[in-house]
Amino acid sequence: MAGNLGSEIRRIFDNMEYGPAPESADVAKKWLSQHKDSLGHFINGEWVKPENRKTYTTCSPATGEALADTIQGEEEDVNLAVSCAKTAFQSWSQLPAHTRARHLYAVARNVQKHHRLIAVIEALDNGKSIRETRDCDIPLVARHFYHYAGWAQFSDTEMREWKPVGVVGAIVPWNFPLMLLTWKVCPALAMGNTVVLKPATFTRLSALLFAEICHEAGLPPGVFNVVTGNGSFGSKLALHPDVDKVAFTGSTPVGQTLRRLTAGTGKKLSLELGGKSPVIVMDTADIDSAVEGIVDAIYFNQGQVCSAGSRLLVQENIFDDVIQRVKERLKHFRIGHSLDKAIDMGAIVSQAQYNTIKEYVDDARATGADVFQPDIPLPAKGLFYPPTLITNVQTVSRVVREEIFGPVLVALPFRTAKEAGNLGNNTNYGLAASVWSENLPTALELAITLKAGTVWVNCHNLFDAAAGFGGYRESGFGRDGGKEGLYEYVMPKWERTIRQNVDIDIKTFGASFGSGTSPTPGQGGPSKSQLCPNGKQQPLVDHTYKVYYGGAQKRPDGCYSRPIYAAHDKQTIVAYVGDSNRKDVRNAVEAAHKAAPGWGKRAAHNRAQIVYYMAENLELRRQEIAERISLLTGKTLENSFKEVDLSIQRLFYWGAYADKYGGNVQETTLYGCTVCIREPVGVVGIACPDEFPLLGFVSLFAPAIVRANCVVIIPSDKYPIPALDFYQVFDTSDLPAGVVNVLSGNKDHISKYLTEHQNVDAMWYFGSAEGSKFVEFTSAENVKRTWVNYGKERDWMDQDQGQGEEFLYHATQCKNIWMPMGTTFSN
Amino acid sequence: MAYNPGMELDMGWVNGAVVDLPAVNRRAATLLTKRTVKKSWQAAWLLRAVTCIDLTTLSGDDTVTNVQRLCFKACNPIRQDLLDAMGMGDYGITVGAVCVYSARVKDAVQSLKQAGGAAIPIASVATGFPAGQVPFETRLKEISMAIGLGATEIDIVISRDLALSGDWGKVYEEIKACKAACGENVHLKTILGTGDLGTLTNVYKASLVAMMAGSDFIKTSTGKEGVNATMPVGLTMVRAIREYFHKTGFKVGFKPAGGIRTAKDSCAWLALMKEELGDEWMRADLFRIGASSLLTDIERQLYHFVTGRYAAAHQLPM
């Protein structure tokens with residue numbers, strides 16, 4: 001022990017600084033050198049390196065050091081991978097559930113076996129800290145496989161109404177390269193699908209390593225394939241005709257592009273997109289714990305987290321105190337190389353991302369915001385950005401509205417819990433939120449109020465395989481994790497795969513209105529029956545069907561009507577019905593939104609009673625409505641009675657579900673309670689099929705409203721009258737105004753404006769292939785949830801097709817609320 | 001050493017305190033995974049930990065013999081050859097204090113004098129340690145007697161019965177009386193008996209009340225409760241210290257005690273102080289670790305650092 005050591009120890013003893021605590025990169029370097037620092041695709045259980053591909057050199061963001069070459073795939077690589085996956089699907093989907101469970105279990109075990117290697121690779125390649133890959137990312141990967149091994153085991157019991165969709169194309173981002181791919185792969189494989197995955201360009205290594213590990217774990221060739229390439233390569237994967245489902249996590253703009261690309265094709269799609277999640281701190285919070293929660297919320301993974309709590313909302317009476325404490329906390333931050341075990345933040349993933357972050361912060365500074373960054377050392381080299389807190393900003397500020405995807409927090413005060421909820425929801429996004437309060441009623445009410453797929457109470461950024469994760473609004477649709485995550489990878493057993501390409505002109509589709517529908521004198525009218533009370537002849541009271549919204553019949557805005565003809569004689573006009581236009585859509589959507597909060601707060605029992613009451617009132621008019629169905633459609637009276645009776649039965653069926661699908665307790669690793677609440681989607685636009693004018697109508701609005709949605713519904717445009725007769729059923733059944741709004745007219749015209757309406761949360765369309773494409777394409781704008789039939793009829797009389805879990809899936813969205821518990825720490 | 005004059009009891013402040021146990025647990029668990037020291041840093045930190053130890057014996061069978069042995073160890077906590085090898089041989093490394101029962105203070109005074117460590121503070125537990133279930137007058141008397149015998153620091157226990165019944169006014173009055181009994185030159189360390197307090201919110205409140213009453217240190221436990229110095233409890237108390245400092249400007253020290261046995265633990269506690277309070281709170285005037293067997297483990301670790309070999313217990317003086 002030389003003198004140098006002595007002086008070093010003395011120096012440290014005096015200043016009590018931290019020293020370097022590096023994790024060795026040897027294990028990762030060894031794996032890379034086994035592959036000569038050059039990696040291909042992993043397809044069908046082997047490495048595939050086609051000739052003449054361009055390469056992409058992946059680098060460590062912490063140092064800029066090159067790690068390995070990967071290849072930029074081309075279309076034929078996608079074709080190869082998809083065809084292998086398709087072949088593998090034949091046998092994988094037919095394996096006994098238990099066998100698939102064994103495979104998933106084996107992957108989990110092998111991930112644990114290689115825990116250290118994966119953690120080091122991930123940290124090196126992404127720039128995130130080894131502590132996070134070691135303690136968060138990789139344990140969650142293994143946990144996911146264990147959890148979904150269980151769902152594989154149960155696939156033919158718990159999911160017996162469903163079947164796999166086929167080949168899944170998964171596209172995942174760079175922020176949690178391995179963890180997020182696992183979120184797609186686990187449920188997909190568990191349900192019997194096979195997967196072709198494209199990792200993000202910046203972070204390809206862990207996915208490739210993982211593919212090799214899966215192979216080693218005995219996963220059959222072709223079941224899980226990894227191909228690398230650029231963004232347009234990802235589009236090729238998504239568009240490949242044999243890819244049956246696209247699962248995407250990433251930015252909202254790319255998600256929107258994928259929605260448009262796949263519109264109308266029949267491919268399933270789930271999107272987990274961006275966020276601007278609020279962290280709400282009430283004055284009843286444990287403030288010091290909230291400050292740590294803020295650190296977890298926004299500085300975890302350098303803020304490159306879709307659920308990052310990037311908007312801090314603090315009650316005004318503690319605002320200054322909280323800001324002061326956050327600033328002090330940030331002064332203790334340590335930033336450094338991803339393999340240093342004692343850092344809080346590592347490097348930003350890429351120069352481009354770094355520039356984006358810097359540009360946002362510079363812009364905020366230039367527009368007068370207060371930007372705080374602690375005076376802490378940053379490594380001289382590498383893409384390091386300090387933790388940043390921005391105050392003196394308002395809801396109009398760009399940094400408050402837009403997702404930055406970096407370690408940048410904006411803070412705003414609020415006055416009351418109500419205002420906190422309003423501010424929290426004042427965003428296009430809806431991925432996550434956290435609420436900090438020791439007051440249970442406050443915390444729970446806010447958790448319910450916030451429009452987000454995950455709400456953490458007194459914590460932030462906790463994840464587990466048993467709880468679904470995913471967004472409301474422009475944060476996407478579909479869930480990763482939990483049982484709810486399975487539905488993204490299955491289809492009803494009765495359904496056949498649809499794959500089609502439909503050409504439509506998005507600009508002109510459904511745009512024309514009123515032409516040829518307006519009644520003109522001489523065109524004819526409904527037959528003029530006569531009544532003879534007391535021997536005196538007089539005409540029937542004129543009955544004109546109006547449109548129905550806000551609980552009342554309204555004359556259509558355009559004052560147009562359209563004739564509805566009898567089936568036996570295309571000349572006989574049975575009635576004129578209102579022809580709705582975009583202003584009627586506007587009014588109806590407004591009425592629906594007005595009704596929604598009250599309808600949602602009603603006891604489920606009450607919603608059930610109303611729907612049962614509808615059944616009661618419908619039965620009173622059984623004869624009349626059956627006759628009208630027969631007159632309109634030409635069905636036999638017997639079949640028309642069947643339709644009415646089944647509609648009554650279906651009202652009972654959905655009335656029964658009003659209080660039996662509220663959610664469940666998720667068995668996560670949390671000590672406490674994680675509750676999945678199946679919330680309403682919101683205001684749902686529904687276009688009814690022409691087949692079964694009454695039953696189709698009832699089968700669609702009933703599941704929506706029992707699950708507390710409000711609907712704007714377009715009855716069959718050929719046979720709208722049975723639905724319009726329902727106005728009186730609604731009115732006599734105590735249905736609150738605005739819960740069901742009915743707009744008769746041209747289905748595609750009304751659908752166009754419903755789908756284009758930014759305040760409609762979901763669109764269900766049962767009509768043409770063209771209309772289905774239009775709805776999916778147009779919904780990309782605000783990332784609406786859609787449910788379309790691609791022009792294929794279903795048999796609404798059939799129980800499997802006309803009711804069931806599929807309807808509940810579309811009528812609800814899962815919100816997972818995490819509530820840690822405990823005050824007892826000792827005896 | 002810093003001195004805390006205390007303040008009027010502010011019940012608004014006390015009653016507003018609230019601590020979220022799950023969140024504290026999470027921070028406590030991750031704090032230790034976020035910070036670690038290796039190699040020379042570890043050695044230097046361990047030496048610093050040594051200087052913060054209140055080397056303690058509090059047993060029914062304590063006699064002059066083991067107190068004497070304890071005092072000699074207090075003056076020579078790490079083998080001289082190891083210190084020399086680390087270039088710290090002339091630094092005068094000793095523990096922070098010795099801590100004994102009031103009946104053993106006299107033995108400690110004599111032993112430290114013999115060992116050449118008269119400057120090492122002697123802490124005496126008092127006030128009916130560990131349960132505090134003796135009449136208040138005798139508790140005060142014990143303080144005065146211990147000081148008379150040569151104690152320079154007094155570790156008192158609060159009345160957990162008063163704390164549990166929420167009678168913070170009475171708790172405050174009692175500690176204030178103890179502070180008065182200590183006077184300005186004897187440091188008052190107040191043991192909260194956190195394992196008996198039921199909730200971390202109570203721990204936080206007790207911390208505030210103890211500081212308002214003038215405690216120079218707040219200390220987790222006697223070592224005799226079911227749960228002693230755990231990280232969540234420590235985190236709660238240091239947060240209270242931080243808030244008290246921000247509001248009053250007075251620095252109060254922290255002493256975790258009970259169950260701290262490994263060298264690794266001692267670095268973790270130092271890291272807690274550094275992260276939550278700052279470097280100033282990593283020195284013996286504001287940080288102590290109440291421990292008996294901890295020192296042996298630190299010495300073993302330093303032996304390994306110097307020699308590269310793991311020591312046998314018999315190679316280090318007990």
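Trainee: Which residue in β3(B) is the bridge partner of B:Val98?
Mentor: B:Ile122 is the bridge partner of B:Val98. Before we go on: this is a predicted model, where local features need pLDDT of at least 70, side-chain atom pairs count only at pLDDT 80 or more, and totals for chains, interfaces and linings use all residues. Residues are numbered from 1 along each chain as its sequence is written, chains are lettered from A and ligands numbered from 1 in the order in which they are written, and side-chain values use heavy atoms, leaving out hydrogens and water.
Trainee: In what sense do β2 and β3 of chain B pair, and over how many bridges?
Mentor: Parallel, over four bridges. β2 covers residues 97–101 and β3 covers 122–125. Strands (E, at least two residues) and helices (H or I, at least four) are DSSP runs, numbered from the N terminus. Two strands pair if DSSP finds at least two bridges between them.
Trainee: What's the strand order in that chain B sheet?
Mentor: β7-β6-β5-β4-β3-β2-β1-β8, eight strands in an open sheet with parallel pairing. β7 (253–255) and β8 (289–291) are the edge strands, each pairing on one side only. Neighbouring strands are turned by 25° against each other on average, direction ignored.
Trainee: Which helix packs on β6 and β7 there?
Mentor: α11(B), residues 231–248. Its direction makes about 170° with that of β7(B). Angles run from 0 to 180 degrees between N-to-C directions, and axes are lines fitted to C-alpha atoms, for helices over the stretch in contact.
Trainee: Now α4 and α6 of chain B. At what angle do they pack?
Mentor: About 45°, with their axes 8 Å apart. The two helices are therefore oblique to each other. Under 35 degrees counts as roughly parallel, over 145 as roughly antiparallel, 65 to 115 as roughly perpendicular, and the rest as oblique.
Trainee: What types of residue make up that contact?
Mentor: Eight nonpolar, three polar and one charged. Nonpolar is Ala, Val, Leu, Ile, Met, Phe, Trp, Tyr, Cys and Pro; charged is Asp, Glu, Lys and Arg; the others, Gly among them, are polar. B:Phe72 is one of the α4(B) residues in the contact, and B:Leu112 is one of those in α6(B). Contact means heavy atoms within 4.5 Å.
Trainee: Switching to chain A. What's the order of its three-stranded sheet?
Mentor: β1-β5-β4, an open sheet with mixed pairing. β1 (38–39) and β4 (55–59) stand at the edges with a single partner strand each, so one side of each has no neighbour in the sheet. β4(A) pairs with β5(A), residues 66–71, in the antiparallel sense over five bridges. A:Tyr56 stands opposite A:Thr70.
Trainee: Which helix packs on that one?
Mentor: α8(A), which touches β1, β4 and β5 of chain A. Its direction makes about 70° with that of β5(A). α8(A), residues 205–216, also crosses α4(A), residues 97–113, at roughly 125°, and the axes come within 9 Å. That makes α4(A) oblique to α8(A).
Trainee: Last one. How many residues of each chain are in contact?
Mentor: 51 of chain A with 54 of chain B. The area buried between the chains is about 4500 Å², with 55% from carbon and sulfur atoms. Buried area is the accessible area (1.4 Å probe) that two parts lose on being put together, summed over both. In chain A, A:Phe13, A:Met16 and A:Phe825 lose the most area to chain B, together 19% of what that side buries.
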